[in-house]
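I opened my notebook beside the viewer this morning and jotted things down as I went. Have a look along with me.

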Amino acid sequence: MTRPAILAPLALPAIVLLAGCIPEPADTDPQSSFFAALASHCGKAFAGELVSDDAADADLAGADMVMHVRECSDSEIKVPFHIRGADGEWDRSRTWVFTRTDQGLRLKHDHRHEDGKPDAVTMYGGDTADSGAPRSQSFPVDEESIALFRREGLDASVTNVWTVEVDPAGAEGAGYAYQLQRTVAGGAPEERFFRAEFDLTDEIQTPPAPWGSDQAGS
């Protein structure tokens, strides 16, 4: 697989350069711009790959990955995340759910089994703590998710911070990145870093529906 273009770092100057060809309206807040950028890819799917090298993700190194901006409304965007396993079978259990709230943006992870039933660890995530940037938003773990992680014996996850980066359709070198990070400085027992990147300049065939997509409440 061709390695997708690396997105600009989170530093403000890089973001300005990346977005330079598509100026932001002066009255548009960063979160609205981010949501609109993601929505601009609605209905399309893109290939990507793991670009981090955490030992915990060794089984995903080189695996085919696909993101599909499948469902969009003014308040919610659902993005299934498909991964092909070493056996050649696709895991279609994951969907990223982005929601606009009165306080900002929310990211949740909808995890399903192949029969459509929710996983024991599902609908976890967090809300933005600040306005972020037009191309990048971070989601610190919320209290509901912390309680879920502790109940399921996943104490290492209670300091999770998810970061998502996205460029609008038509931007030069457009990309999407999904990142999970926790740090010892932030209270984690050990460092954890996962990052997958997708090339938004090269649309691919849309994948089958994620598991559970035809279930009530999906």
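Below are my entries, starting with the overall layout and then going strand by strand.

**Entry 1: the overall layout**

I am working with a predicted model, so I keep that in mind throughout. I looked up the secondary structure of the protein chain, and it comes to three helices and eleven strands. Reading from the N terminus, I wrote the order down as α-α-β-β-β-β-β-β-β-β-α-β-β-β. I also checked burial: of the 218 residues in the protein chain, 45% are buried.

**Entry 2: strand β1 and its two partners**

Next I went to strand β1, residues 45–50. How many of its six residues are buried? I found five, so the rest of the structure largely encloses this strand.

Then I looked for its neighbours. β1 runs antiparallel to strand β2 (residues 65–68), and four bridges join the two. To find my way in the viewer I used G48, which stands opposite M65 in β2. β1 also pairs with strand β11 (residues 192–204), in the antiparallel sense and over five bridges.

**Entry 3: strand β4 and its pairings**

I moved on to strand β4, residues 76–84. Seven of its nine residues are buried, so β4 is likewise largely enclosed by the rest of the structure.

Which strands does β4 pair with? I noted β2, β3 and β5.

- With β2, I found three bridges and an antiparallel run; V66 has H82 in β4 as its bridge partner.
- With strand β3 (residues 71–72), there are two bridges, again antiparallel; C72 stands opposite I77 in β4. A hairpin of three residues joins β3 to β4.
- With strand β5 (residues 90–100), eight bridges form an antiparallel pairing, and I83 stands opposite D91 in β5.

I stopped at the hairpin of β4 and β5, which has five residues between the strands. In that hairpin, G88 takes a positive phi near 90°.

A reminder to myself for reading these strands: in a regular strand, side chains alternate between the two faces of the sheet.

**Entry 4: a patch of negative charge**

Where do negative charges gather on the surface? I found a patch made up of D87, E89, E114 and D115. I followed up on E114, which lies in the loop between β6 (105–111) and β7 (124–127). Is E114 buried or exposed? Its relative accessibility is 62%, and because the cut-off for exposed is over 50%, E114 counts as exposed.

**Entry 5: M123, in the loop between β6 and β7**

I stayed with the loop between β6 and β7, where M123 also has its place. M123 has a phi near 55°, a positive value in a residue other than glycine.

My last stop was A171, in the loop between β9 (161–166) and β10 (175–182). At 8% relative accessibility A171 counts as buried, because the cut-off is under 20%.

How far is A171 from L200 in space? The C-alpha to C-alpha distance is 9.0 Å, while in sequence A171 and L200 are 29 residues apart.

Definitions and conventions. Residues numbered from 1 in each chain as written. Predicted model: local features only at pLDDT ≥ 70, side-chain atom pairs only at ≥ 80, totals over all residues. Heavy atoms only, no water. Buried < 20%, exposed > 50% of the residue type's maximum accessible area, 1.4 Å probe, protein only. Pairing = 2+ DSSP bridges. Patch = residues over 30% accessible without salt bridge, like charges linked within 9 Å, V, L, I, M, F, W, Y side chains within 5 Å. Areas by Shrake-Rupley, 256 points an atom, 1.4 Å probe, with all protein chains shown as cover. Salt bridge = Lys/Arg side-chain N within 4 Å of Asp/Glu carboxyl O. Lys, Arg positive; Asp, Glu negative; His and termini not counted. Charge placed at Lys NZ, Arg CZ, Asp CG, Glu CD.
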